[in-house]
Amino acid sequence: MVLGLRRLWAARSLPLPGADPGETEAGTSRIGNWALALWLLLLTVVVVVPDALTGSDLPLIPLMVVLPALASVFCTVRQTTAVAVWVMLVVVGSRIASTGPFWDVVFLLGFTGLACALGVVACAARIRHATEVARLRSAAVALQRQILRPLPVVTRQVRAHGLYEPIEEDRFVGGDIYEVVQSAHGTRVIIGDVQGKGLPAIGAGFAALGAFREAAVRERELTAVADAVEDAVVRHNAFSAETGEDERFVTALLLGFDDSERVRAVNCGHLPPRLLCDGAASAVTLHRTSVPLGMADLSDEARAAEWIGFPPGAALLVFTDGVTEARDGTGAFYPLDERLGRWVGREPEQVLKALQSDLESFSGGVRRDDVAVLVLSRPLDGGSTAVPLGGVTRAGSTK
(Lines give C-alpha, C1' and ligand atoms only; values in the text may rest on other atoms or scores of the structure.)
Protein backbone atom coordinates (compact mmCIF):
# COMPACT_ATOMS: atom_id res chain seq x y z
CA MET A 1 0.00 0.00 0.00
CA VAL A 2 2.77 2.42 1.03
CA LEU A 3 4.80 1.50 -2.05
CA GLY A 4 1.79 2.19 -4.27
CA LEU A 5 1.25 5.61 -2.70
CA ARG A 6 4.92 6.46 -3.24
CA ARG A 7 4.72 5.51 -6.90
CA LEU A 8 1.55 7.59 -7.29
CA TRP A 9 3.25 10.60 -5.64
CA ALA A 10 6.34 10.19 -7.87
CA ALA A 11 4.15 10.05 -10.97
CA ARG A 12 2.38 13.24 -9.97
CA SER A 13 5.71 14.96 -9.33
CA LEU A 14 7.04 14.31 -12.83
CA PRO A 15 6.36 16.97 -15.49
CA LEU A 16 3.96 16.04 -18.25
CA PRO A 17 5.45 15.05 -21.63
CA GLY A 18 6.02 18.13 -23.76
CA ALA A 19 5.63 20.51 -20.82
CA ASP A 20 7.83 23.58 -20.97
CA PRO A 21 10.39 23.72 -18.13
CA GLY A 22 9.36 27.31 -17.40
CA GLU A 23 5.74 26.29 -16.94
CA THR A 24 6.74 23.42 -14.66
CA GLU A 25 9.02 25.65 -12.61
CA ALA A 26 6.27 28.24 -12.15
CA GLY A 27 4.27 25.85 -9.98
CA THR A 28 7.15 24.50 -7.92
CA SER A 29 7.93 25.55 -4.36
CA ARG A 30 10.86 27.77 -3.48
CA ILE A 31 11.11 26.23 -0.03
CA GLY A 32 11.08 22.57 1.04
CA ASN A 33 8.39 21.03 3.22
CA TRP A 34 10.71 20.43 6.16
CA ALA A 35 12.16 23.93 6.01
CA LEU A 36 8.64 25.35 5.79
CA ALA A 37 7.49 23.31 8.78
CA LEU A 38 10.50 24.44 10.82
CA TRP A 39 9.97 28.12 10.05
CA LEU A 40 6.22 27.81 10.67
CA LEU A 41 6.82 26.23 14.08
CA LEU A 42 9.43 28.83 14.99
CA LEU A 43 7.23 31.78 14.03
CA THR A 44 4.28 30.24 15.86
CA VAL A 45 6.31 29.97 19.05
CA VAL A 46 7.56 33.55 18.63
CA VAL A 47 3.95 34.81 18.43
CA VAL A 48 2.04 32.46 20.73
CA VAL A 49 4.38 32.49 23.74
CA PRO A 50 4.49 36.32 24.10
CA ASP A 51 0.72 36.41 23.49
CA ALA A 52 0.15 33.99 26.37
CA LEU A 53 2.42 36.03 28.64
CA THR A 54 0.91 39.42 27.84
CA GLY A 55 -2.67 38.18 27.91
CA SER A 56 -5.36 40.67 26.90
CA ASP A 57 -3.09 43.66 27.51
CA LEU A 58 -1.23 43.16 24.22
CA PRO A 59 -2.82 40.48 22.00
CA LEU A 60 -0.26 39.22 19.47
CA ILE A 61 -2.13 36.24 18.05
CA PRO A 62 -3.67 38.32 15.20
CA LEU A 63 -0.16 38.57 13.74
CA MET A 64 -0.51 34.94 12.66
CA VAL A 65 -2.67 36.06 9.72
CA VAL A 66 0.52 37.28 8.00
CA LEU A 67 1.85 33.74 7.55
CA PRO A 68 -0.54 32.63 4.73
CA ALA A 69 0.29 35.83 2.83
CA LEU A 70 4.01 35.12 3.13
CA ALA A 71 3.53 31.50 2.12
CA SER A 72 1.57 32.52 -0.99
CA VAL A 73 4.70 34.23 -2.35
CA PHE A 74 7.11 31.31 -1.98
CA CYS A 75 5.04 28.15 -1.70
CA THR A 76 2.71 25.95 -3.71
CA VAL A 77 -1.04 26.01 -3.27
CA ARG A 78 -0.84 22.82 -1.23
CA GLN A 79 1.79 24.26 1.10
CA THR A 80 -0.09 27.55 1.45
CA THR A 81 -3.27 25.63 2.30
CA ALA A 82 -1.38 23.69 4.96
CA VAL A 83 -0.08 26.95 6.45
CA ALA A 84 -3.60 28.42 6.42
CA VAL A 85 -5.03 25.37 8.20
CA TRP A 86 -2.25 25.53 10.81
CA VAL A 87 -2.89 29.21 11.46
CA MET A 88 -6.62 28.58 11.89
CA LEU A 89 -5.93 25.77 14.34
CA VAL A 90 -3.51 27.90 16.35
CA VAL A 91 -5.88 30.88 16.50
CA VAL A 92 -8.91 28.73 17.40
CA GLY A 93 -6.91 26.82 20.04
CA SER A 94 -5.62 30.01 21.61
CA ARG A 95 -9.12 31.45 21.91
CA ILE A 96 -11.06 28.39 23.10
CA ALA A 97 -10.43 29.25 26.72
CA SER A 98 -10.52 32.97 26.10
CA THR A 99 -12.48 35.06 28.56
CA GLY A 100 -12.66 38.03 26.23
CA PRO A 101 -15.83 39.43 24.70
CA PHE A 102 -17.67 36.93 22.52
CA TRP A 103 -17.88 39.15 19.47
CA ASP A 104 -14.19 39.97 19.66
CA VAL A 105 -13.40 36.27 19.43
CA VAL A 106 -15.85 35.79 16.57
CA PHE A 107 -14.38 38.74 14.70
CA LEU A 108 -10.82 37.42 15.15
CA LEU A 109 -11.77 33.97 13.89
CA GLY A 110 -13.64 35.40 10.92
CA PHE A 111 -10.80 37.76 10.04
CA THR A 112 -8.26 34.91 10.30
CA GLY A 113 -10.36 32.67 8.09
CA LEU A 114 -10.70 35.41 5.47
CA ALA A 115 -6.96 36.15 5.53
CA CYS A 116 -6.13 32.45 5.15
CA ALA A 117 -8.53 32.07 2.22
CA LEU A 118 -7.11 35.15 0.50
CA GLY A 119 -3.59 33.76 0.94
CA VAL A 120 -4.52 30.52 -0.81
CA VAL A 121 -6.32 32.40 -3.60
CA ALA A 122 -3.35 34.74 -4.04
CA CYS A 123 -0.98 31.77 -4.29
CA ALA A 124 -3.13 30.11 -6.94
CA ALA A 125 -3.35 33.38 -8.90
CA ARG A 126 0.43 33.89 -8.71
CA ILE A 127 1.14 30.41 -10.02
CA ARG A 128 -1.46 30.74 -12.79
CA HIS A 129 0.00 34.08 -13.91
CA ALA A 130 3.58 32.75 -13.81
CA THR A 131 2.53 29.72 -15.85
CA GLU A 132 0.82 31.87 -18.47
CA VAL A 133 3.87 34.13 -18.75
CA ALA A 134 6.16 31.12 -19.11
CA ARG A 135 3.87 29.66 -21.77
CA LEU A 136 3.84 32.90 -23.76
CA ARG A 137 7.60 33.24 -23.41
CA SER A 138 8.25 29.69 -24.58
CA ALA A 139 5.87 30.21 -27.52
CA ALA A 140 7.75 33.34 -28.59
CA VAL A 141 11.10 31.57 -28.34
CA ALA A 142 9.76 28.52 -30.18
CA LEU A 143 8.50 30.80 -32.96
CA GLN A 144 11.89 32.48 -33.09
CA ARG A 145 13.67 29.13 -33.36
CA GLN A 146 11.32 27.88 -36.08
CA ILE A 147 12.03 30.94 -38.22
CA LEU A 148 15.77 30.31 -38.16
CA ARG A 149 17.50 27.44 -39.95
CA PRO A 150 19.01 24.68 -37.78
CA LEU A 151 22.80 24.66 -37.78
CA PRO A 152 25.26 23.53 -39.06
CA VAL A 153 24.59 24.15 -42.77
CA VAL A 154 26.94 22.95 -45.52
CA THR A 155 26.79 24.29 -49.08
CA ARG A 156 29.16 23.98 -52.04
CA GLN A 157 31.15 27.02 -50.87
CA VAL A 158 30.62 27.26 -47.10
CA ARG A 159 30.44 25.31 -43.86
CA ALA A 160 28.32 27.33 -41.43
CA HIS A 161 28.43 26.36 -37.78
CA GLY A 162 26.60 28.53 -35.33
CA LEU A 163 25.50 29.44 -31.86
CA TYR A 164 22.07 30.90 -31.18
CA GLU A 165 20.79 31.73 -27.70
CA PRO A 166 17.55 33.72 -27.38
CA ILE A 167 17.22 35.68 -24.18
CA GLU A 168 13.89 33.96 -23.31
CA GLU A 169 12.66 36.70 -20.99
CA ASP A 170 9.25 38.17 -21.82
CA ARG A 171 9.82 41.67 -23.21
CA PHE A 172 13.54 40.98 -23.79
CA VAL A 173 12.99 38.42 -26.57
CA GLY A 174 15.00 39.88 -29.42
CA GLY A 175 15.11 39.69 -33.20
CA ASP A 176 18.52 38.29 -34.11
CA ILE A 177 18.41 36.62 -37.53
CA TYR A 178 20.70 34.61 -39.76
CA GLU A 179 20.39 32.56 -42.93
CA VAL A 180 22.56 30.60 -45.37
CA VAL A 181 21.24 30.13 -48.92
CA GLN A 182 22.78 28.19 -51.79
CA SER A 183 22.09 29.78 -55.18
CA ALA A 184 23.34 29.69 -58.76
CA HIS A 185 25.42 32.75 -57.89
CA GLY A 186 27.15 31.13 -54.94
CA THR A 187 26.31 30.95 -51.26
CA ARG A 188 24.66 33.99 -49.67
CA VAL A 189 24.75 34.56 -45.93
CA ILE A 190 22.99 37.15 -43.77
CA ILE A 191 23.28 37.87 -40.08
CA GLY A 192 21.31 40.71 -38.56
CA ASP A 193 19.80 42.28 -35.49
CA VAL A 194 16.34 43.86 -35.45
CA GLN A 195 16.04 47.06 -33.44
CA GLY A 196 13.88 46.57 -30.37
CA LYS A 197 12.58 43.54 -28.50
CA GLY A 198 9.50 41.37 -28.25
CA LEU A 199 7.18 39.83 -30.81
CA PRO A 200 7.19 42.95 -33.06
CA ALA A 201 10.96 42.53 -33.46
CA ILE A 202 10.46 38.88 -34.38
CA GLY A 203 7.90 39.94 -37.01
CA ALA A 204 10.33 42.39 -38.58
CA GLY A 205 13.04 39.75 -38.56
CA PHE A 206 10.73 37.28 -40.28
CA ALA A 207 9.97 39.84 -43.01
CA ALA A 208 13.69 40.40 -43.59
CA LEU A 209 14.46 36.68 -43.66
CA GLY A 210 11.67 35.90 -46.10
CA ALA A 211 12.85 38.57 -48.51
CA PHE A 212 16.46 37.42 -48.22
CA ARG A 213 15.61 33.79 -48.95
CA GLU A 214 13.86 34.76 -52.17
CA ALA A 215 16.27 37.46 -53.33
CA ALA A 216 19.38 35.41 -52.57
CA VAL A 217 18.31 32.88 -55.20
CA ARG A 218 16.83 35.36 -57.66
CA GLU A 219 19.29 38.29 -57.72
CA ARG A 220 22.71 38.10 -59.31
CA GLU A 221 24.24 41.03 -57.40
CA LEU A 222 24.56 41.02 -53.62
CA THR A 223 23.58 44.70 -53.49
CA ALA A 224 20.31 43.81 -55.23
CA VAL A 225 19.68 41.24 -52.48
CA ALA A 226 20.23 43.95 -49.87
CA ASP A 227 17.82 46.27 -51.72
CA ALA A 228 15.16 43.55 -51.77
CA VAL A 229 15.48 43.06 -48.02
CA GLU A 230 15.36 46.84 -47.59
CA ASP A 231 12.05 46.99 -49.46
CA ALA A 232 10.62 44.19 -47.32
CA VAL A 233 11.54 45.97 -44.08
CA VAL A 234 10.02 49.23 -45.39
CA ARG A 235 6.76 47.45 -46.28
CA HIS A 236 6.69 45.81 -42.88
CA ASN A 237 7.18 49.19 -41.21
CA ALA A 238 4.34 50.67 -43.25
CA PHE A 239 2.03 47.90 -42.10
CA SER A 240 3.24 48.30 -38.50
CA ALA A 241 2.48 52.03 -38.62
CA GLU A 242 -1.09 51.28 -39.70
CA THR A 243 -1.57 48.98 -36.73
CA GLY A 244 -0.06 51.45 -34.26
CA GLU A 245 3.29 49.71 -33.76
CA ASP A 246 6.70 51.34 -33.92
CA GLU A 247 8.78 51.21 -37.07
CA ARG A 248 11.99 49.20 -36.86
CA PHE A 249 15.27 48.90 -38.66
CA VAL A 250 17.63 45.96 -39.09
CA THR A 251 21.41 46.08 -38.90
CA ALA A 252 22.72 43.34 -41.18
CA LEU A 253 25.81 41.97 -42.83
CA LEU A 254 25.36 40.18 -46.17
CA LEU A 255 28.12 37.95 -47.52
CA GLY A 256 28.48 36.29 -50.92
CA PHE A 257 30.79 33.27 -51.29
CA ASP A 258 32.00 31.78 -54.56
CA ASP A 259 34.94 29.53 -55.39
CA SER A 260 37.55 32.30 -55.23
CA GLU A 261 39.68 33.41 -52.29
CA ARG A 262 37.54 36.49 -51.71
CA VAL A 263 34.12 37.16 -50.21
CA ARG A 264 31.67 39.81 -51.33
CA ALA A 265 30.29 41.86 -48.43
CA VAL A 266 27.50 44.42 -48.04
CA ASN A 267 27.44 45.96 -44.59
CA CYS A 268 24.19 47.58 -43.50
CA GLY A 269 25.23 49.12 -40.21
CA HIS A 270 26.30 45.82 -38.67
CA LEU A 271 29.37 44.78 -36.70
CA PRO A 272 32.34 43.82 -38.91
CA PRO A 273 33.32 40.15 -39.03
CA ARG A 274 36.46 38.63 -37.52
CA LEU A 275 38.92 36.75 -39.72
CA LEU A 276 40.56 33.67 -38.24
CA CYS A 277 43.67 33.08 -40.33
CA ASP A 278 47.32 32.11 -39.90
CA GLY A 279 46.95 31.53 -36.18
CA ALA A 280 45.51 34.98 -35.44
CA ALA A 281 42.10 36.64 -35.13
CA SER A 282 41.59 40.13 -36.54
CA ALA A 283 38.70 42.48 -37.24
CA VAL A 284 37.91 42.90 -40.93
CA THR A 285 37.89 46.54 -41.99
CA LEU A 286 34.87 47.41 -44.13
CA HIS A 287 35.11 50.78 -45.88
CA ARG A 288 31.62 50.96 -47.39
CA THR A 289 29.25 50.61 -44.46
CA SER A 290 25.76 51.88 -45.25
CA VAL A 291 22.70 52.64 -43.12
CA PRO A 292 20.68 49.80 -41.58
CA LEU A 293 17.92 48.11 -43.58
CA GLY A 294 14.72 50.11 -43.44
CA MET A 295 16.53 53.47 -43.33
CA ALA A 296 17.72 53.87 -46.93
CA ASP A 297 15.58 57.00 -47.36
CA LEU A 298 17.82 58.74 -44.84
CA SER A 299 20.91 58.37 -47.03
CA ASP A 300 21.69 59.63 -50.53
CA GLU A 301 24.28 56.90 -51.14
CA ALA A 302 23.35 53.59 -52.70
CA ARG A 303 24.44 50.43 -50.98
CA ALA A 304 27.83 49.20 -52.18
CA ALA A 305 29.63 45.88 -52.01
CA GLU A 306 33.32 45.31 -51.35
CA TRP A 307 35.68 42.36 -51.42
CA ILE A 308 37.38 40.88 -48.35
CA GLY A 309 40.05 38.21 -48.34
CA PHE A 310 39.12 34.62 -47.56
CA PRO A 311 42.25 32.47 -48.07
CA PRO A 312 42.27 28.67 -47.81
CA GLY A 313 42.12 27.42 -44.23
CA ALA A 314 40.64 30.70 -42.99
CA ALA A 315 37.25 31.31 -41.39
CA LEU A 316 34.98 34.27 -40.82
CA LEU A 317 33.22 34.78 -37.51
CA VAL A 318 30.11 36.94 -37.72
CA PHE A 319 27.95 37.82 -34.73
CA THR A 320 25.34 40.15 -33.23
CA ASP A 321 25.86 42.71 -30.49
CA GLY A 322 24.68 40.27 -27.85
CA VAL A 323 28.33 39.15 -27.83
CA THR A 324 30.21 42.44 -27.77
CA GLU A 325 27.72 44.18 -25.45
CA ALA A 326 27.71 41.47 -22.79
CA ARG A 327 28.86 42.96 -19.48
CA ASP A 328 30.48 41.65 -16.35
CA GLY A 329 29.66 42.66 -12.79
CA THR A 330 31.62 45.90 -13.11
CA GLY A 331 29.86 46.96 -16.32
CA ALA A 332 32.83 46.25 -18.61
CA PHE A 333 32.06 44.98 -22.12
CA TYR A 334 33.10 41.53 -23.27
CA PRO A 335 36.61 41.65 -24.88
CA LEU A 336 35.84 39.51 -27.93
CA ASP A 337 39.04 40.15 -29.86
CA GLU A 338 41.21 39.38 -26.85
CA ARG A 339 39.42 36.13 -26.08
CA LEU A 340 39.00 35.03 -29.69
CA GLY A 341 42.75 34.89 -30.26
CA ARG A 342 42.99 32.08 -27.69
CA TRP A 343 40.83 29.76 -29.74
CA VAL A 344 42.30 30.15 -33.22
CA GLY A 345 43.35 26.73 -34.50
CA ARG A 346 40.36 24.90 -33.01
CA GLU A 347 37.45 23.35 -34.87
CA PRO A 348 34.32 25.50 -35.40
CA GLU A 349 32.33 23.57 -32.80
CA GLN A 350 35.13 24.00 -30.27
CA VAL A 351 35.39 27.74 -30.94
CA LEU A 352 31.64 28.16 -30.44
CA LYS A 353 31.62 26.04 -27.31
CA ALA A 354 34.53 28.01 -25.83
CA LEU A 355 32.85 31.32 -26.72
CA GLN A 356 29.54 30.24 -25.21
CA SER A 357 31.19 29.08 -21.98
CA ASP A 358 33.35 32.20 -21.73
CA LEU A 359 30.38 34.52 -22.29
CA GLU A 360 28.42 32.73 -19.58
CA SER A 361 31.30 33.00 -17.14
CA PHE A 362 32.06 36.64 -18.01
CA SER A 363 28.47 37.85 -17.61
CA GLY A 364 27.71 35.70 -14.60
CA GLY A 365 24.79 34.17 -16.48
CA VAL A 366 23.04 37.56 -16.78
CA ARG A 367 22.24 38.55 -20.38
CA ARG A 368 20.09 41.31 -21.81
CA ASP A 369 20.19 40.43 -25.51
CA ASP A 370 20.10 37.49 -27.86
CA VAL A 371 23.36 35.92 -28.98
CA ALA A 372 23.84 34.78 -32.58
CA VAL A 373 27.24 33.70 -33.91
CA LEU A 374 28.23 32.02 -37.18
CA VAL A 375 31.62 30.52 -38.01
CA LEU A 376 31.95 30.37 -41.80
CA SER A 377 34.67 28.18 -43.30
CA ARG A 378 35.21 26.27 -46.50
CA PRO A 379 33.57 22.84 -46.81
CA LEU A 380 35.84 19.86 -46.41
CA ASP A 381 36.85 17.87 -49.48
CA GLY A 382 35.64 14.32 -49.59
CA GLY A 383 37.70 12.14 -47.28
CA SER A 384 39.95 14.96 -46.05
CA THR A 385 40.55 15.73 -42.43
CA ALA A 386 39.20 18.78 -40.70
CA VAL A 387 41.20 21.98 -41.11
CA PRO A 388 41.59 23.91 -37.84
CA LEU A 389 40.34 27.47 -38.05
CA GLY A 390 43.16 29.80 -38.92
CA GLY A 391 45.36 26.96 -40.12
CA VAL A 392 47.03 26.63 -43.51
CA THR A 393 46.19 23.90 -46.00
CA ARG A 394 48.76 22.45 -48.40
CA ALA A 395 47.94 19.55 -50.71
CA GLY A 396 45.22 18.24 -48.45
CA SER A 397 47.36 18.27 -45.32
CA THR A 398 46.64 20.24 -42.19
CA LYS A 399 49.12 22.43 -40.44
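## Helix α11 and its neighbours

The buried residues of helix α11 pack against β2, β10, α9 (321-324), α10 (336-340) and β11. Packing here rests on contact, meaning heavy atoms within 4.5 Å. Helices (H or I, at least four residues) and strands (E, at least two) are DSSP runs, numbered from the N terminus. Before we go on, please note that this is a predicted model, in which local features need pLDDT of at least 70 and side-chain atom pairs count only at pLDDT 80 or more, while totals for chains, interfaces and linings use all residues. Residues are numbered from 1 along each chain as its sequence is written, and side-chain values use heavy atoms, with hydrogens and water left out.

Which residues of α11 are buried? They are Pro348, Val351, Leu352, Ala354, Leu355, Asp358, Leu359, Phe362 and Ser363. Their arc around the axis is only 165°, which puts them on the same side of α11; the arc is that of the directions from the helix axis to the C-beta atoms. Lys353 and Ser361, on the other side of α11, are exposed. Buried means under 20% relative accessible area, exposed over 50%, and partly exposed in between (1.4 Å probe, protein chains only).

The length of α11 can be checked too: at 1.5 Å a residue, its 16 residues should span 22 Å, which agrees with its end C-alpha atoms being 22 Å apart. The expected span of a helix is 1.5 Å times one less than its number of residues. Just after α11 comes Gly364, with a positive phi of about 65°.

Helix α11 (residues 348-363) lies across β2 (159-165), β10 and β11 (371-377), and runs at about 20° to β2. Axes are lines fitted to C-alpha atoms, for helices over the stretch in contact, and angles run from 0 to 180 degrees between N-to-C directions.

These strands belong to an open sheet of six, in the order β1-β2-β11-β10-β7-β8, with antiparallel pairing. Its edge strands, β1 (153-154) and β8 (280-283), each pair on one side only. Two strands pair if DSSP finds at least two bridges between them. Strand β7 (residues 274-277) and strand β10 (residues 315-319) run antiparallel and are joined by three bridges. For Arg274, the bridge partner in β10 is Leu317.

## The five-stranded sheet

Another open sheet has five strands in the order β3-β4-β5-β6-β9, and its pairing is antiparallel. At its edges are β3 (176-183) and β9 (306-309), each pairing on one side only. On average, neighbouring strands of this sheet are turned by 25° against each other, direction ignored. Eight bridges pair β3 with strand β4 (residues 186-194) in the antiparallel sense, and Ile177 has Gly192 as its bridge partner in β4.

Helices lie against this sheet as well. Helix α7 (residues 199-218) lies across β3, β4 and β5 (250-257), at about 10° to β3. Helix α8 (residues 222-242) also packs on the sheet, where it touches β4, β5 and β6 (262-268), and its direction makes about 155° with that of β5.

Strand β5 holds Thr251, which is buried with a relative accessible area of 15%. Not counting residues up to four places away in sequence, Thr251 touches Ile191, Gly192, Asp193, Cys268, Gly269, His270 and Pro292. Thr251 and Val291 are 40 residues apart in sequence, yet 7.9 Å apart in space, C-alpha to C-alpha.

## Aromatic pairs

How many aromatic pairs does a search of the whole structure find? The search finds three. Rings of Phe, Tyr and Trp (its six-membered ring) pair if their centres lie within 6.5 Å; planes under 30 degrees apart count as stacked, over 60 as edge-to-face and the rest as tilted. Tyr164 counts as buried at 12% relative accessibility, and Tyr178 counts as buried at 5%.

Tyr334 lies in the loop between α9 and α10 and Phe362 in helix α11, so the pair ties together parts that are 28 residues apart in sequence. Both Tyr334 and Phe362 are buried. Arg339, in helix α10, is buried with a relative accessible area of 14%. Leaving aside residues up to four places away in sequence, Arg339 touches Tyr334, Asp358 and Phe362.
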